[in-house]
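User: I am new to this structure and would like to learn how to read its features. Could you walk me through them?

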Amino acid sequence: MSTLPLTERLEGHRRVRDWLGDRILLLLTFGASAAAVAVMVAIVYKLVDASHLAISKFGISFLWGTVWDANPAKNVFGAGTLIYGTVVTSLIALVVAVPLAIAIALFLSELAPRGVRGIVGSLVETLAAVPSVVLGLWGILVMGPFVADHLEPWLHRWFGFIPIFSGSPSSSGVLVAGLVLAIMVVPIVASICRELFVSVPDELEEGALALGATRWEMVRGVILHSSRPGIAAAVILGLGRAIGEAIAVTQVIGAATDIHVSLFAPGDTLASRIAGQYQGAVSNVQISALFYLGLILLVIGLLTNLLAQVIVRRFDVQRAGAR
Amino acid sequence: MAAAERALTLRGNARVRRRRIVNRLVEGVATIAALAAVAMLGLVVWSIAKRGAGDLSWGFLTKSLPLFGEPGGGIAPLIVGSAILVGIATAIALPVGVCIAVFLQEFASPRVRAPIQLVIDLMNGLPSIVIGIFVFGLLVYGHPQNGLAGAYGLAIVMLPLITRATQEVLRLVPSAQREGALALGASRWRTVVGIILPSALGGILTGTVLAVARAAGETAPLLFATSIYATTVQWDPRHALPNIPTQIFIWSESPDPADHKRAWASALVLMLFVLVTSLVARAAFVRSRRKLSR
């Protein structure tokens, strides 16, 4: 190349600018990433720090204490009722949503004609876009009364001998909350499962069909069988969503302070108790107890997500190895 | 002839018939399940439209909130407040999210990428009420409620969504473009700013719009930060800002049927916004993806 001083100077100029630009961009993008990590650390730190008062006062027995009394004379708080409510509502949601979601995913990946596939698929995903406060509003004013008038009397009539279906129907309670959660969980599990099912190698599916299996036998033996870990991860992610949902549950669950055996009765969950007390917390201990609840939710949220990640990662390796 | 006979014997075989019936049954169940999900969406949208449309009027969109127990009123303060909150959240989450995605896809070595990716994924799975109470503890407790705190909460909700969407399109940018630019002697930052980001722009915008639609409906991060507010339009995010999701929540908890009607009409406004934006974004995404992968 030429050795003219001018171009050399320009060349040097450019080199400095490029060097600087590269550094700045790297710094900027790394800084943003570090900030995200810092926010995550801050969340953990803040929740631990702010729940310190409640932790030192109630200790680990907070987890099974069933009294929640904000009366200044007592000021005793426990999450037992709420953990029970969280477990029961999430179980109802999963029992209803998982089979439904897997069936939807099978329809979308195996049965539906191409045109229908896209439309139904995006409609199912749109269901996930409905804001939870809107779903809760619908739950308390439309679904609740329907459940109280039709579903609960029916359950009571045929299964009333089981304690969980005893008691009188009500339009807000644990069952309604579980069903609303199910509506939120279905699109999550369905869209993950659909991707899993689509990614099953065609040779395996065709092999099963060529051996004379019916479509269902192929689905059961090949698709469901080889996707089991992935389905488990999807269910765990759905569970995480159900456990963490606050707003819609607060609207429909009826905020009870004690445990009822009947699913028709009101209850409360960890998340909905926090949301329900947004204006009501008076003492420092009570606020700290709310942070304690938040900390429990955070730990559950992190654990469910990590578990799902681990499963997916091992599963990906497995599938890559199988190819 | 022989084939026909075999087909006949096949049909006569009870086991085969049972297998076929079971197959039909399962196919039917799967189809019904998919239809049920679609019907559920239809039911929700329809009942909101039916109950909300009657009270939706120009006055409802432009008037101040009703004072306690008074009839009438509108949701102008809620619309303005929600727009400000989501606007601030987007202004924070969009640049940060894109930067993180660029770092992860273009710069980070696998060993650095893994933990940051994990943090983004965990952030995505955080219950939004946890974000709400975190923001409350950090920025609101001991201070008056303020819109900025709510906006930060929404930004935490949006950040992983935008990062993931951007990562996905960055992965789709053909490596030939990247290598071509570098081979011509362009520096890394010129390649990123001049070549990669422009061709990923469509996907980034789509991801942002989807995140906006999600944030517009989030209540939990706002509940502790900006839920006690004036009934008139507020512009200053240093004070509590009225917003649509929180007000729907408050109205839905009220025993007053008039509040329920307002909640339905507000829910219709929110749903229209969310559905239209996410459908448009999805359609645009499919198009831009097709263009990129061509």
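Analyst: We will go from the chains to their helices, then to the core and the contact between the chains.

Analyst: This is a predicted model, in which local features need pLDDT of at least 70 and side-chain atom pairs count only at pLDDT 80 or more, while totals for chains, interfaces and linings use all residues. Residues are numbered from 1 along each chain as its sequence is written, and chains are lettered from A and ligands numbered from 1 in the order in which they are written.

User: How many helices and strands does chain A have?

Analyst: Helices (H or I, at least four residues) and strands (E, at least two) are DSSP runs, numbered from the N terminus. Chain A has 11 helices and 2 strands, in the order α-α-β-β-α-α-α-α-α-α-α-α-α from the N terminus. Chain B has 12 helices and 0 strands.

User: What does the radius of gyration say about chain B?

Analyst: The radius is taken over C-alpha atoms, and the globule rule is 2.2 Å times the number of residues to the power 0.38. Chain B has 26 Å, well over the 19 Å that the rule gives for 294 residues, so chain B is more spread out than a compact globule. Its C-alpha trace spans about 85 × 65 × 35 Å along the principal axes. The C-alpha trace of chain A spans about 95 × 65 × 35 Å along its principal axes.

User: Which residues have the most contacts inside the largest nonpolar core?

Analyst: A residue is buried if 20 or more other C-beta atoms lie within 10 Å of its own, exposed if 12 or fewer, and partly exposed in between, with C-beta atoms placed from the backbone. A nonpolar core is a set of buried Ala, Val, Leu, Ile, Met, Phe, Trp, Tyr and Cys residues joined through C-beta atoms within 7 Å. The largest one has 187 residues, and I104(A) and V189(A) have the most contacts inside it. Helix α6(A) gives the most to this core, with 19 residues.

User: At what angle do α3(A) and α6(A) pack?

Analyst: Axes are lines fitted to C-alpha atoms, for helices over the stretch in contact, and angles run from 0 to 180 degrees between N-to-C directions. Helix α3 (residues 80-111) of chain A packs against helix α6 (residues 174-198) of chain A at about 35°, with the axes 5 Å apart.

User: How many residues does each chain bring to the contact between them?

Analyst: Two residues are in contact if their C-beta atoms, placed from the backbone, lie within 7 Å. Chain A brings 69 residues and chain B brings 68. On the side of chain B, helix α2 (residues 14-53) gives the most, with 19 residues. I104(A) touches residues of both chains, including V124(A), A190(A) and A33(B).

User: Is G294(A) buried or exposed?

Analyst: G294(A) counts as buried because it has 27 C-beta neighbours inside 10 Å. G294(A) lies in helix α11 (residues 284-322) of chain A. Leaving aside neighbours within four places in sequence, its contacts are L47(A), I274(A), V130(B) and I133(B).

User: Why is α6(B) described as largely enclosed?

Analyst: In helix α6 (residues 128-140) of chain B, 11 of the 13 residues are buried, so the helix is largely enclosed by the rest of the structure. Among the buried ones are V130(B) and I133(B). Just after α6(B), G142(B) takes a positive phi of about 90°.
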